[in-house]
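Me: I'm new to this one and would like to go through it step by step. Could you walk me through it in plain sentences?

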Amino acid sequence: MNKLKGSDPILYSIVKEEFNRQKTYIEMIAAESYVPIEIMELQGSVFTNKTTEGYPGNRYHGGCYAADKMETLGIERAKKLFKAEHANIQPHSGSQANQAVYAAVLEPNDTVLGLRLDQGGHLTHGNRANFSGRIYRFISYGLSRERELIDYEELEKLALKHRPRMIVTGGSAYPRIIDFKRISDIAKEVGGYFMVDMAHVAGLVAAGIYPNPVEYADFVTSTTTKTLCGARGGFILCRREYAKAIDKGVFPGTQGSAHLHIMAAKAYTFKRAGTEEFKNLMIQVVKNAQKLGEVLKEYGFRLVSEGTDSHLLLVDLRPKGITGKALEEALDYVGITVNKNMVPFDTEKPTVTSGIRIGTTAVTIRGAMEEDMEEIGDIIKEVSENIGNKGKLDSIRERVINLSNRLPLYNGDYDIV
Ligand SMILES: Cc1ncc(COP(=O)(O)O)c(C=O)c1O
């Protein structure tokens, strides 16, 4: 970043500060990963200079020879990776991918079923603070109290009662495999569309260790971040019959010009996610999450749904008598980054919460194995028992620094100078 260092030293130093944080902290936010250096190269590439609207072969601007090749390559790679008939890789984010699908096939005030945000869903699945809950008539389904899995019977009852135009599933804090076939059957029964937002698990799907929703859903949306470990953006998959509607839903429906530099990075993301190396990474990500879950359970932590099939754990702190906010802050102090999260049937406010969400993608990219989960689990336990004890937390910070030194970011091959 030599240029930036000279022209804007203040901004340069802030980027450097963030890089230092990433190097010396153990990142366990379930939505995060460390992208390959190629992704940073592409996101910073000359494609950022090019403006265009439309799709390959049908643009509203000249000079799109290379842009068309790149977007076509990205689309073909996405289709191949997820065995989809059609892909749109233009959505600027996961939220915009969802917005585009809604715009493509729904009318304002249409009824839609979505998983409750405080039980694992996402804002764009009908939360009242979000466009989705304001434009469409979302009705929420939730989890069963006993097993803390999606209550498919309740979902079916709601579907039969409200006859929704669409059922949306997928989530931000749902650790278990979702029964896509069952929800698809319910959607068919009531004549509604079925959309899966696989943003969190797309990498696991690509690796073949989580069911592929493309088989069952009319529309599949995702980010290329999170477990897919790539570009900061979104995409949509669908059957050929919906291709035109979806493309129109993205442009001109909800977006303007394409972010070509990000789409180039998405094209790289899809290629990498089809490799054996990526598959092995995803297998280890899940093994690490399951191991960390076992360790935490041994220390008396309660896991929502008793464990995980994926990259994330949702820890219910109520039996420990601490809040998500308090543990998030104390872990941050020692250098482990997690986020506070509502647990099912939480009575705390979203700004406090009774839980934390922990993900293993980023730390596994740094080479962490099951034995490192024992150390991390032990650190989390120690921190939870010493909230407010600065001296003790300072000594735990040393353990986190040792751990992050053992697991160097980018194997030490990347630096900001
Ligand atoms: C399930 C799900 N869908 C959509 C999104 C939104 O993605 P973005 O933050 O790129 O808008 C997220 C991100 O947190 C998510 O977890």
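**Strands, helices and spaces**

Reply: A place to start is M166, whose bridge partner in strand 8 is Y193. This is a predicted model, in which local features need pLDDT of at least 70, side-chain atom pairs count only at pLDDT 80 or more, and totals for chains, interfaces and linings use all residues. Residues are numbered from 1 along each chain as its sequence is written, and side-chain values use heavy atoms, with hydrogens and water left out.

Me: Which strands run parallel there, and how many bridges join them?

Reply: Strand 7 (residues 166-169) and strand 8 (residues 193-197) run parallel and are joined by four bridges. Helix 8 (residues 180-190) packs on the sheet and touches both strand 7 and strand 8, and its direction makes about 150 degrees with that of strand 8. Contact here means heavy atoms within 4.5 Å; axes are lines fitted to C-alpha atoms, for helices over the stretch in contact, and angles run from 0 to 180 degrees between N-to-C directions.

Me: What order do the seven strands of the open sheet take?

Reply: The order is 4-10-9-8-7-5-6, and the pairing is mixed; two strands pair if DSSP finds at least two bridges between them. Strand 4 (86-88) and strand 6 (137-141) are at the edges with a single partner strand each, so one side of each has no neighbour in the sheet.

Me: And the sheet of four strands, what is its order?

Reply: That open sheet has the order 11-12-15-14 with antiparallel pairing. Its edges are strand 11 (302-303) and strand 14 (339-341), each with a single partner strand, so one side of each is left without a neighbour in the sheet. Strand 11 pairs with strand 12 (residues 312-316) over two bridges, and R302 has D316 in strand 12 as its bridge partner. Helix 12 (residues 276-298) packs on this sheet, touching strand 11, strand 12 and strand 15 (355-359), and its direction makes about 20 degrees with that of strand 12. Helix 13 (residues 324-334) lies across strand 14 and strand 15, at about 45 degrees to strand 15.

Me: How many helices and strands does the protein chain have?

Reply: The protein chain has 16 helices and 15 strands, counted as DSSP runs numbered from the N terminus, with helices (H or I) of at least four residues and strands (E) of at least two.

Me: Changing topic, how much space lies in the largest pocket?

Reply: The largest pocket holds about 590 Å³ of space. Of the 20 residues that line this pocket, Q22, S33, V35, M40 and Y410 are the closest to its centre. On a 1 Å grid over the protein atoms alone, a pocket is an open set of points with protein on both sides within 12 Å along at least five of seven lines, a cavity is a set where a 1.4 Å probe fits but cannot get out, and lining residues have an atom within 4 Å of a point. Grid points are joined across faces, edges and corners, and a volume is the space filled by probe spheres set on the points.

Me: Which element gives the largest share of its lining?

Reply: Helix 2 does, with four residues of the lining of the largest pocket.

Me: What about the second largest pocket, how much space is there?

Reply: About 430 Å³ lies in the second largest pocket, and among its 19 lining residues P36, R272, E277, I365 and Y410 are the closest to its centre.

Me: How much space lies in the largest cavity?

Reply: The largest cavity has about 70 Å³, and the residues lining this cavity include G170, Y174, F180 and H200.
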